[in-house]
Amino acid sequence: MPPPSELVAPWVEWERRVTKGRRLLEAGTFALTEGAIAAGCRVFAGYPITPATDIAEYMSKRLPQVGGYYMQAEDELAGMHMCAGASLGGLKAMTATSGPGYTLMHDAYGWSITNEIPLVVVDAMRVGPISGITGAPGQGEFYIARYASHGGNFETIVLSPSSVQEAFWLTIDAFNLSERFATPVTILTDQVVSDMWEDLFIPDDYAGLDFVVPRRTNLTMPFFPVGSDAIDVPPNIIGRGTGVCVSAYTHTEEGYDIEEMEAQWAQTHRLVNKIRHHRSELTRYETVGMDDADVVAVAYGADARTVKTAVLEARARGLRAGFVRPITLWPFLDDLFAVDRHYVVCELNYDGQLVREVMRAAPDSRKVHFMGKSAELHTVGEVLAALDGVARTGRIPELPYIWTEVR
């Protein structure tokens, strides 16, 4: 009998309701593009970079077909500012890049956060540091995505798919959240999910997707409900006589710059608490075998695929193993790690990023084990050996190319 499993995500319900469509063999970049079109995205601006370039190419073909606009920017920073401007003009917008371009966007990212501009950013991670290897997967932007700009005093929303099909639904979800929370949402994918080809279901009628949150417009005061944690506040529109001011500075409800601490506190309250106070609206994850697990493997993105297979194989061999795949990476899902047991955290970096959050959230950080690897997915054999080692001795055995130290 298969172990109990759970997928908590809005597309579980969407897949039951949408049955008419086409089945294709397509790439993850195609799914990200079509998900954006289905969500109502009508502007893409960006700069080419592997493994996200195909998204720009697909967008340059698809957007003119639906009345949208594709813009080739001079760099990633300009591309994200163009998207922010388009969103302020009333159109849903998206940009896509990889790690080197993502770090260049952070001034525009903070500008969009503080001005509560809805848009979606795709970061297709590759191995680093810096430019690294363009055709190999990495997971080095876990923390960069959380702290996506300077200055602090904000929360971010970050989602991560693990399949081509999930990339399609998750992109719609990312647009919905960006509209509801009036903030940029990052899709943190990786080279494998972006480049691989899989079975993909595409609905026939995008206009009939009643779960897509439409773009609304706010034309009156208050333009910025500072001090409030409310969501579902229609975003501001400029250029239609609204009078809203938009800048990178602390602002009043009209949007005017202000140098008063009370205004800064009120703005921070809103930017942080509109996300912190609505975590239940942001919870997406997958679990397997958590009812009786003594040791739980944790992974996200493409790496979660081989890790999940290893957990199923471990259970077939009699090991009480479990599996957790956070889909929402930020805000971090602390409750997934509330039970006191061993956790083996698999991620594609050697410095250890996801593992530090699991150590913080788990009851006993000494039972959280790191299994870092770089540029290649964990093999089923490696994860099986780690789960068996932790279950029997409390330690991961020495394995080639696997790092276990966290400092």
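## A buried glutamate and its partner

E286 is buried, with a relative accessible area of 12%; buried here means under 20% relative accessible area, exposed over 50%, and partly exposed in between (1.4 Å probe, protein chains only). The side chain of E286 meets that of R325 in a salt bridge, at 2.8 Å from N to O. A salt bridge is counted when a side-chain nitrogen of Lys or Arg lies within 4 Å of a carboxyl oxygen of Asp or Glu. R325 also counts as buried, at 3% relative accessibility.

Because E286 lies in strand 11 and R325 in strand 13, the pair ties together parts that are 39 residues apart in sequence. Strands (E, at least two residues) and helices (H or I, at least four) are DSSP runs, numbered from the N terminus. E286 and R325 also belong to a network of salt bridges that links them with E166 and K308.

## Basis of the model

This is a predicted model, in which local features need pLDDT of at least 70 and side-chain atom pairs count only at pLDDT 80 or more, while totals for chains, interfaces and linings use all residues. Residues are numbered from 1 along each chain as its sequence is written, and side-chain values use heavy atoms, with hydrogens and water left out.

## The sheet and its helices

Six strands form an open sheet of mixed pairing, in the order 1-11-13-12-15-16; two strands pair if DSSP finds at least two bridges between them. Strand 1 (5–8) and strand 16 (368–372) stand at the edges with a single partner strand each, so one side of each is left without a neighbour in the sheet. On average, neighbouring strands of this sheet are turned by 15° against each other, direction ignored. Within the sheet, strand 12 (residues 295–298) and strand 15 (residues 342–347) run parallel and are joined by four bridges. V295 stands opposite H342 in strand 15.

Helix 11 (residues 303–316) packs on the sheet and touches strand 11 (285–288), strand 12, strand 13 (321–326) and strand 15; contact means heavy atoms within 4.5 Å. The direction of helix 11 makes about 160° with that of strand 13. Angles run from 0 to 180 degrees between N-to-C directions, and axes are lines fitted to C-alpha atoms, for helices over the stretch in contact. Helix 12 (residues 354–361) lies across strand 12, strand 15 and strand 16, and runs at about 160° to strand 15.

## Further salt bridges

The count comes to 26 salt bridges. One of these joins the side chains of R315 and D292, at 3.1 Å from N to O. This pair links distant parts of the chain, with R315 in helix 11 and D292 in the loop between strand 11 and strand 12, 23 residues apart. D292 counts as partly exposed, at 30% relative accessibility.

The side chains of D334 and R360 also meet in a salt bridge, at 2.9 Å from N to O. D334 lies in the loop between strand 14 (328–330) and strand 15, and R360 in helix 12, so the pair ties together parts that are 26 residues apart in sequence. D334 is partly exposed at 26% relative accessibility, and R360 is partly exposed at 47%.

## A buried threonine in a loop

T250 is found in the loop between strand 10 (197–203) and helix 10 (261–276). T250 is buried, with a relative accessible area of 17%. Leaving aside its neighbours within four places in sequence, T250 is in contact with Y256, D257, I258, A263, Q264 and Q267.
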